[in-house]
Structure formats: structure tokens, C-alpha cells
Amino acid sequence: MAESARERDERFMARALRAAQSGDPSPNPHVGAVIARGSELISVGFHPRCGGPHAEVVALRRAGEKARGATLYVTLEPCNHFGRTPPCVDAIIAAGIKRVVVGTADPLPHKRGAYARLRKAGIAIEHGVLQERADRLIADFRKHRLHGLPFVTLKAAVTLDGRTAARSGESKWITGPASRAEAHRMRAQSDAVLVGVGTVLADDPELTVRAVRGRDPLRVVFDSGLRTPLRAKLVSTANQVKTLILHAHGAPVQRAAKLRARGVELLALPKARRGAGLDPEAALRALAERGVVRLLVEGGAHIHAALLEAGLVDFAAIFVAPCFLGDMQAIPMVAGTTARSLPDAFVLVQPEIVRLGEDVLFRGAVNNGRAQMPKDHAVAGKPGPRRSTRL
């Protein structure tokens, strides 16, 4: 049976969406582009890095003269402004493209009018092809642009009875090598990785990318009282990998000076409205202002609770190992108080289930069971109840 025009558009858009997942463009969004004529694929491009050529320009350069009279498929509305690079709209018009098929709109374009300019140049526009997938692709960028907050992924490795460590604090290793490699891949794709000071004291983590190839993210510690030890790996390697400690106003001055002398960056933030911890939303806004679009939260139980209860978690990746401790005093994944009944539970919406060696990974968008999930479920809705948890 012959392929319809709609099927062809969806096939090429799907190819652009796959291409978009390559590169490391943060704080810019992942974008992919395809140039085709009829059923013939001419070229593929993606946005490799911030400051580099956009996906449309990469595809146009690869197509050369073959782009004239062809169709451009792009996952995100082309830009119409001068930034680090010239407007993609100019390049599309100059290349002689006759039709542009777009996945989704820019949530907050620097300069509006891209479609109007293309139409004025005689270029046909088709918008919204595979839009749901295109929206998911830029969910992190959308949240950062519209709400001034990073897209937060909560990551944990747990036993079958939901424990992240034995009562002694021992947690190495609950999950196997395949799960740890996937966790390192997640770090490499994040702008920053965040832990609470309790995790630093218990595990002394490095929070670097080692099991896979990739860049190290900014390492962030929630530590209201500056309890992070000077001998901690995060401190001893701070001159090699950027490390930021978020603390409360009034933290010990001498302690702060010693940490700075070792290369650690410090930032004072407001305390939570109740209790002695930091205000989690203020902390995340401060990270967003520093260009953190994708934030990976690796624990521990109190920081997980604080972010969940503040309605700040967008996505979760829970690695489950085939073992259980059977100990009521073992460390839980979340030490919160919000979900006191099953209807109040935090829910993974349409979770993906992946087998990793002997472990199982559950990952999906997070929603509180009491609320209606918005259509763009990858972006958090209205913040939930704010409760204090010491960070």
C-alpha cells in the first residue's frame, strides 16, 4: 500500500526526533532536522552544542543545492533572531526550501514571526506533526524558559522493600553494573547532579561520570549548616570538577573560608518557611539562573521528600534490585509525610520499564495521585504543599 503524505511527514519527523537526541546543547533545547524531497531522504542534522549551528543549518549545509525545492522537517519552530548564531529563518529562505514541517512551537521565542516570514517568502508551513513527542523532547527547556526552574529528575537505587541503604548506611552496591552505567549516562546528560549533605556524610560520593563516556555535571550539595567534611571527595576534587554548596545565611564563616580555599563555590540561600533546611524552590531557581536546565537528584531520603512535597519533581528513574533487607530501620528512598493514603501517592505516569541485568528500571513523569495531569505531563503542574525538610 502506498505511503500517504501524512505517513511520510510522520516518518521523516520521527527521524528528526531520533537525531535530536544526539548532541549536548544545554541550555539550548535538543532539536533535530531532516531535509527530504518526496520520499527521498536528503540529509539529517541536529544541534550539537550551545553556540554551534542549529539543526536546520546543519541539515541545509549537508544537503547543499539539493535543498532547493525540498521539504524541511524540524522538531522545534525555527528561530527568528540573532543570538549566538544568525536566524534559521534566513538560512531556510536562502536555501530555497519550499515547505517546512514543524513538530512544536518555541515556548517563548526571542522574536516572534518566524512562520509569517516563511509564508511571506512563499514557503508552506505544516505545524504539529508528532507534536506530543516533540513536546516531550523539549520538556526540560520548556520548564526552564516558562517557569525559571530546572527540569528535575529524581534518581534512586532501591531494594524490593524500597530501601536505599542498610541501617548502617551501607549502600554499595544495591544495583548491578548495568544499572550503574545507566545512572552515569544520566549524569552525563544532566547539567547538574544534586545530593543532600546526609548523602555526602554517609557515602562520600564523587558524582562524576566514570562508567560511560561523557562530561561531568556541576556537583551541587544542599548543606544548610556547611557540614560537608573538608576531606570529602567532592571537596578534594573541587578544583577539577565544579562543585557548589548551597547553604543557609549565617553558616560558619571560618568553615566557608576553608571550603572556598579548596575550590568549592558557596551560595547562601533563604531557609525553608518552616524548620532549619533550605527553601527548595529558592535553591532550584538559583540553579536555573546559572543555566541548569536538567537537574539530576541522587538523594538522599530527606532531599527527595523536600522536592516531592514542594511539587518540584518532574521525572523519576527508580532502579530496583532483586533483594530486600527486611529491616524497618534501613534507609528509605523518601523520608516524607505527604502521602498518608494510597490516593495521595506520587505516581509515575505511563512508566517505562527496562530490564538492566538482574535489575529493573522504572522511569516516568511524576504526578501526585490527587491532581489532574496536564497534557504536557513532562512539566510539573502547580506546586504541591510546601513542607519543611532539613537539607
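A pocket is an open set of points on a 1 Å grid over the protein atoms alone, where a 1.4 Å probe fits, with protein on both sides within 12 Å along at least five of seven lines; lining residues have an atom within 4 Å of a point. This is a predicted model: local features need pLDDT of at least 70, side-chain atom pairs count only at pLDDT 80 or more, and totals for chains, interfaces and linings use all residues. Residues are numbered from 1 along each chain as its sequence is written, and side-chain values use heavy atoms, without hydrogens and water.

**View 1. The second largest pocket.** Its lining has 42 residues. Nearest the centre lie S171, T199, D203, E298 and G299. The space is about 960 Å³, a volume filled by probe spheres set on the points, which are joined across faces, edges and corners.

**View 2. The largest pocket.** About 1300 Å³ of space lies here. There are 34 lining residues, and Q21, R136, L137, Q189 and F315 are the closest to the centre.

**View 3. Around I35.** Contact means heavy atoms within 4.5 Å. Beyond four places in sequence, I35 is in contact with residues including L41, I42, L60, L72 and I97.
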